[in-house]
Amino acid sequence: MYLKHWGGGIVSLILIIFAVLFSGCTKEIINDETTEIQTEKGLGLAGVSCKNGILCFSSNAEFKDFYDKNLNMSDSELDNWEKNTGFISMRNIFNQIVDAENALELPYENMTPEQLKNATPPPSHSELYFKYLKSGFLKLRTYEDGTESYDYNVINPSSVGFYNENGLLKIGDTIYQVTDKALKIITDGDFGKIDLLQKTDKSDRQNHIDVISFGGNDKGLICSRTSGWVSSGNAYHSKRIKTDITYYTNVDPGCQHAFITYNIGVECQRKNVWGNWKYYSTDTYISGNWTSSITLFKIIGFGKISISYPCSYTYASHPNQINNFHASINPFNGTTAPFPSSWVYHNPYPGYQFDRAVDVNILYNWTAHGFGLTATAKYPD
């Protein structure tokens with residue numbers, strides 16, 4: 001667990017560590033299974049290596065530094081970096097699936113409706129799609145209109161650029177695995193326990209394994225909203241975009257600490273010639289404005305203290321393009337962080353406490369622009 005103080009010690013950031021993107025660099029073989037990533041272009045990557053296909057960071061500081069410096073790398077730059085280091089990320093695999101799915105449609109792109117009637121349809125999906133759906137890498141999603149799509153099968157896909165295919169990452173002396181329901185941790189960094197880690201769904205203190213389940217049972221203030229799909233129509237090559245905001249809080253039993261989760265997701269899709277929606281990359285501009293409000297109540301007697309944090313966030317994908325964007329946002333200053341990130345507000349006022357019904361409130365307005373369409377999610381509605 002990564003603890004970083006913010007705001008003069010009033011607010012702390014707890015990062016159960018993972019992140020998103022990469023940069024191009026060179027490699028040097030240290031032993032049969034480890035590739036050391038050397039410093040290049042002043043990025044300071046000497047503390048990063050790849051062992052058994054798993055990215056390894058020497059410390060939390062190296063990890064956060066690497067994350068911060070690579071938010072704007074293009075897919076091609078990231079692909080080259082992975083190729084040079086022998087690492088393959090979930091992001092890379094997912095993009096291969098998207099490309100394979102879209103390739104099935106290429107022979108039909110310029111056919112007329114009459115030609116399409118007489119054409120033999122392609123397979124329903126690519127071999128890569130079926131391979132990774134069977135392995136559990138992908139999950140199926142069914143929409144209200146009956147169409148289907150697919151997504152990463154992890155608890156939150158905002159950090160897929162650092163996970164390998166099995167959701168593994170090492171930071172310092174700790175190995176992490178993210179799955180569709182849990183965050184698993186080997187606290188002593190023993191690579192020999194990875195097989196045991198992948199098979200277990202319960203904590204095993206004797207083997208220094210912790211399992212944190214995400215079962216969707218979080219209590220507290222929930223202010224999550226979606227724009228729903230905003231579409232240009234329902235015909236062939238119609239396009240659509242959607243913005244999802246996840247926000248929820250919890251208060252510790254002593255009512256002195258509030259835990260906040262604040263995530264954004266933007267999806268871009270296009271309908272193929274056979275009427276199915278597929279992920280489709282496009283230039284996208286994302287912006288959000290919000291105010292987070294902390295309310296503390298006097299433990300004895302009457303009285304309260306209220307503190308507000310007005311913030312904003314913007315992301316422009318050009319010259320890169322996105323089709324499935326996710327990020328965790330700091331609700332108090334607008335910076336991004338590796339998922340899964342919980343922002344912890346520690347009460348700095350003796351004699352005061354959080355109320356379980358009113359702890360950390362938020363008012364927000366998010367928009368995503370792509371395909372000439374705008375998807376808005378806001379709270380309150």
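**Entry 1. A buried ion pair**

I began with R91, which counts as buried at 5% relative accessibility. The model I am reading is a predicted one. I then asked which residue R91 meets in a salt bridge. I found that its side chain meets that of E82, at 3.1 Å from N to O. I looked up E82 as well and noted a relative accessible area of 2%, so E82 is buried. Both values fall under the 20% that sets the limit for a buried residue. I recorded as background that side chains of opposite charge can pair when their charged atoms come close.

**Entry 2. Other salt bridges**

I examined several of them in turn.

I looked at E114 and K117, whose side chains meet in a salt bridge at 4.0 Å, N to O. I located both residues in helix α4, residues 113-118. Because they are 3 residues apart in this helix, about one helical turn separates them. I noted K117 as exposed, with a relative accessibility of 64%.

I next took R225 and D381, whose side chains form a salt bridge at 2.9 Å, N to O. Where do R225 and D381 lie? I placed R225 in strand β13 (residues 225-226) and D381 in the segment after β25 (373-379). The pair therefore ties together parts that are 156 residues apart in sequence. I recorded R225 as partly exposed, at 26% relative accessibility. For D381 I noted 71%, which counts as exposed.

I also found a network of salt bridges that links R141, D151, K242, D244 and E267.

I turned to strand β10, residues 174-178, and asked how many of its residues are buried. I found that 5 of the 5 are buried, so the strand is largely enclosed by the rest of the structure. I checked the directions of the side chains: T174, Y176 and V178 point one way, and I175 and Q177 point the other way. I noted for reference that side chains in a regular strand alternate between the two faces of the sheet. In β10 the residues pointing either way are all buried.

I then looked for the strands that pair with β10. Strand β9 (residues 168-171) runs antiparallel to β10 and is joined to it by 4 bridges. I noted that I171 stands opposite T174 of β10. The two strands form a hairpin with 2 residues between them. In that turn I found G172 with a positive phi of about 60°.

Strand β11 (residues 182-186) is likewise antiparallel to β10, and 4 bridges join the two. I identified K184 in β11 as the bridge partner of Q177. I recorded β10 and β11 as a hairpin with 3 residues between them.

**Entry 3. The nonpolar cores**

I looked up the largest nonpolar core and found 40 residues in it. Which residues have the most contacts inside this core? I listed Y262, I264, I286, W290, F325 and W366. Strand β16, residues 257-271, gives the most to this core, with 6 residues.

Leaving aside neighbours within four places in sequence, I found F325 in contact with I264, G265, V266, I286, Y313 and Y315. Apart from this core lies another, of 16 residues, and I noted I97, V98, F137 and L138 among them.

**Entry 4. N330**

I located N330 in the loop between β20 (324-329) and β21 (336-337). Is this residue buried or exposed? I found a relative accessible area of 3% for N330, which makes the residue buried. I noted a polar contact of 3.1 Å between its side chain and the side chain of N333. Not counting residues up to four places away in sequence, N330 touches W290, T335 and W343. I had already listed W290 among the residues with the most contacts inside the largest nonpolar core.

**Entry 5. A316**

I recorded A316 as partly exposed, at 48% relative accessibility. With residues up to four places away in sequence left out, I found that A316 touches T284 and Y285. I also compared A316 with A368: the two are 52 residues apart in sequence, and their C-alpha atoms are 9.8 Å apart in space.

Technical notes:
Residues numbered from 1 in each chain as written. Predicted model: local features only at pLDDT ≥ 70, side-chain atom pairs only at ≥ 80, totals over all residues. Heavy atoms only, no water. Buried < 20%, exposed > 50% of the residue type's maximum accessible area, 1.4 Å probe, protein only. Polar contact = N/O pair within 3.5 Å; in protein donor to acceptor, adjacent residues only side chain to side chain. Contact = heavy atoms within 4.5 Å. Pairing = 2+ DSSP bridges. Core = buried A, V, L, I, M, F, W, Y, C linked by side-chain atoms within 4.5 Å.
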